[in-house]
Amino acid sequence: MSVIVEPCTEADILALAPIYFAAFEETIISRKCFPHTPIVEKWWIDLLLHEFKHQPTARFIKASLVDGEDKKMGLAKAHESVCGDRQHWYLELIATHPDARGKGAARQMLQWGINLAEEEPRDGHGGLKGVPCFLEASPNGRKVFEREGFRQIGETFKLEFDEEVYEETFMMRDVGGPRAS
């Protein structure tokens, strides 16, 4: 089995949107704020399609697991951004279907985002290079990001819903950041 990461088409966005719900369905923030209902799914697809068509600095990719048939297993989005006076690539979304966990899809999509920030983009669109990457890590994603040289910045954001707490960690990877062995 191998994982292939490649740019998304508009049709891919429609096919991949449900991966978001599968990837984050166990988090309290998704269950409370973005429940998998027809209206929220339509909103999510419309948002992704709008950004795909009208956000010129955004890049979307898909990760497919190839083992005799093409199985779409992940979706990632990044865009150029500025925080204060510091330019960076914001890795806004890295979503992997639970069936693809442990197969390298998240790591390859993350590497794509790191490459966007550190190297000349290979998609012909140009863009920032030689800048850090920023992302917000769910509890499941944090370990993956730390292994790839991301470090926590600031305090962990905590949001309480009833008796359950959701934590999100803001992380940055400097250009040429170290990787865990």
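Relative accessible area, taken with a 1.4 Å probe on protein chains only, makes a residue buried when under 20%, exposed when over 50%, and partly exposed in between. The model is predicted: local features need pLDDT of at least 70, side-chain atom pairs count only at pLDDT 80 or more, and totals for chains, interfaces and linings use all residues.

**View A. Ile39 in helix H3.**
Ile39 belongs to helix H3, where helices (H or I, at least four residues) and strands (E, at least two) are DSSP runs numbered from the N terminus. Its relative accessibility is 66%, so Ile39 counts as exposed. Phe161 is 122 residues away from Ile39 in sequence, and the C-alpha atoms of the two are 22 Å apart.

**View B. The crossing of helices H1 and H3.**
Helix H1 covers residues 10-24 and helix H3 covers residues 38-54; their axes come within 10 Å and cross at roughly 135 degrees. Axes here are lines fitted to C-alpha atoms, for helices over the stretch in contact, with angles from 0 to 180 degrees between N-to-C directions. H1 and H3 are therefore oblique to each other, on a scale where under 35 degrees is roughly parallel, over 145 roughly antiparallel, 65 to 115 roughly perpendicular and the rest oblique. The crossing of H1 and H3 is right-handed, that is, the near helix is turned clockwise from the far one by less than a right angle.

**View C. Side chains between H1 and H3.**
On the H1 side, the contact (heavy atoms within 4.5 Å) is made by Glu10, Ile13, Leu14, Ala17, Pro18, Tyr20 and Phe21. On the H3 side stand Val40, Glu41, Trp44, Ile45, Leu48, Leu49, Phe52 and Lys53. The residues of this contact divide into twelve nonpolar, no polar and three charged. Nonpolar covers Ala, Val, Leu, Ile, Met, Phe, Trp, Tyr, Cys and Pro; charged covers Asp, Glu, Lys and Arg; the others, Gly among them, are polar.

**View D. Ala17 in helix H1.**
Ala17 is a residue of helix H1, and it is buried, with a relative accessible area of 0%. Setting aside neighbours within four places in sequence, Ala17 is in contact with Trp44, Ile45 and Leu48. Lys32 is 15 residues from Ala17 along the chain, with 18 Å between their C-alpha atoms.

**View E. Ser30 in helix H2.**
Helix H2 (residues 28-33) contains Ser30. Ser30 counts as buried, at 8% relative accessibility. Apart from neighbours within four places in sequence, its contacts are Tyr20, Phe24 and Pro35.

**View F. Ser138 between strand S5 and helix H5.**
Ser138 sits in the loop that joins strand S5 (133-137) to helix H5 (139-147). With a relative accessibility of 13%, Ser138 counts as buried. Beyond its neighbours within four places in sequence, Ser138 is in contact with Phe24, Tyr166 and Glu167. Ser138 and Glu167 are separated by 29 residues in sequence and by 6.8 Å, C-alpha to C-alpha.

**View G. Gly130 between helix H4 and strand S5.**
The loop from helix H4 (105-118) to S5 holds Gly130. Its 44% relative accessibility makes Gly130 partly exposed. Gly130 touches Ala117, Glu118 and Val175, residues up to four places away in sequence not being counted. Asn115 lies 15 residues from Gly130 in sequence and 9.3 Å from it, C-alpha to C-alpha.

**View H. Asp162 between strands S7 and S8.**
Asp162 is placed in the loop between strand S7 (157-161) and strand S8 (164-173). Its phi is near 55 degrees, a positive value in a residue other than glycine. Most residues other than glycine have a negative phi. At 66% relative accessibility, Asp162 counts as exposed.

**View I. Cysteines without a disulfide.**
The structure has zero disulfides, a disulfide being a pair of cysteine sulfur atoms within 2.5 Å. For Cys8, the closest cysteine sulfur is in Cys133 at 18 Å, too far for a bond. Cys8 counts as buried at 9% relative accessibility, whereas Cys33 counts as partly exposed at 40%.

Terms used: Residues are numbered from 1 along each chain as its sequence is written. Side-chain values use heavy atoms; hydrogens and water are left out.
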